Amino acid sequence: MGIFATILSFFGCANKKSEKNKSDSEFDTQIAESMEAFKNRPVYEKLTQEIIDSTMDDDLVQVVFDNLISKLPEDYTKECEIVSDWNQARKTIYFIWLLEAEVNNGGFNQFYFNPSGQFYNFIPEALLKVNAKLFADLTEKANKVYESENEKITEKQDGTLEGFSESYENNPLNSFDDEFYNLYEKEDLMKLQVEYIRENSKEFIEKK
């Protein structure tokens, strides 16, 4: 996934509106092209040292995660069983990805509610593996609150969308969400994962 910035230049008041519209159009085109490129990105069912070494840092975590996902059935049956057989390096990247995807989308409440939550006890260790100590500490705190106040957190989660939405009201996990988002300014989680993958590249390579 990429972050795009558009610099809008205006030359004279009379041209501001047309220039802005043009820039918006170019931005939309750039977004569309990026989404198309992402959709058509290569997914490697087998990773090699050459693939890892030749992949740019911005794409490396995605490449590794795509490889891990390719090892799971489409309906994610036996996910826990399959993942438990992976080495620590693979588990580390997989668990961190799940955490980020869920929390950045719907907070810790969504993370624990969805199937990703079955791995919650392993997340702090995974974060420590990549030296994301602040993220690990915060997640450990969230885990303790989830366990100690589980009845309150889940009482409205009756399997319906409405029940899940209502479970956010006065949810003690909510306070951890902004802390999580703000930590990106203190710890570069993507960079830490890239460094971990490169240092442990052999753990991601398929054995012949």
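**Entry 1: helix α7**

I began with α7, which has 16 residues and reaches 23 Å from its first C-alpha to its last, close to the 22 Å expected at 1.5 Å a residue; the expected span is 1.5 Å times one less than the number of residues. Helices (H or I, at least four residues) are DSSP runs, numbered from the N terminus. I noted that this is a predicted model, in which local features need pLDDT of at least 70 and side-chain atom pairs count only at pLDDT 80 or more, while totals for chains, interfaces and linings use all residues. Residues are numbered from 1 along each chain as its sequence is written, and side-chain values use heavy atoms, with hydrogens and water left out.

I then listed the buried residues of α7 (buried means under 20% relative accessible area, with a 1.4 Å probe and protein chains only), and they are Phe135, Ala136, Leu138, Thr139, Ala142, Asn143, Val145 and Tyr146. Their cover includes α5, α6, α8, α10 and α11.

**Entry 2: α5 with α7**

I looked up the axes of α5 and α7, which come within 11 Å and cross at roughly 25°; axes are lines fitted to C-alpha atoms, for helices over the stretch in contact, and angles run from 0 to 180 degrees between N-to-C directions. The two helices α5 and α7 are therefore roughly parallel to each other, a term for angles under 35 degrees. The contact (heavy atoms within 4.5 Å) is made by Leu99, Phe108 and Tyr112 of α5 and by Thr139, Ala142, Asn143 and Tyr146 of α7.

**Entry 3: α5 with α11**

Next I compared the directions of α5 (residues 88-113) and α11, which pack at an angle of about 165° with their axes 11 Å apart. Helices α5 and α11 are therefore roughly antiparallel to each other, as angles over 145 degrees are called. On the α5 side I found Gln88, Ala89, Thr92, Ile93, Ile96 and Glu100 in the contact, and on the α11 side Leu189, Gln193, Tyr196 and Ile197.

In α11 I also noted that Leu189, Leu192, Gln193, Val194, Tyr196 and Ile197 are buried, and that the buried residues of this helix pack against α3, α5, α6 and α7.

**Entry 4: Ser201**

Last, I followed the chain into the segment after α11 (189-199), where Ser201 has its place. Is Ser201 buried or exposed? I found that Ser201 is buried, with a relative accessible area of 9%. Leaving aside its neighbours within four places in sequence, Ser201 is in contact with Gln49 and Ile52.

Technical notes: Buried means under 20% relative accessible area, exposed over 50%, partly exposed in between (1.4 Å probe, protein chains only). Angles under 35 degrees count as roughly parallel, over 145 as roughly antiparallel, 65 to 115 as roughly perpendicular and the rest as oblique.
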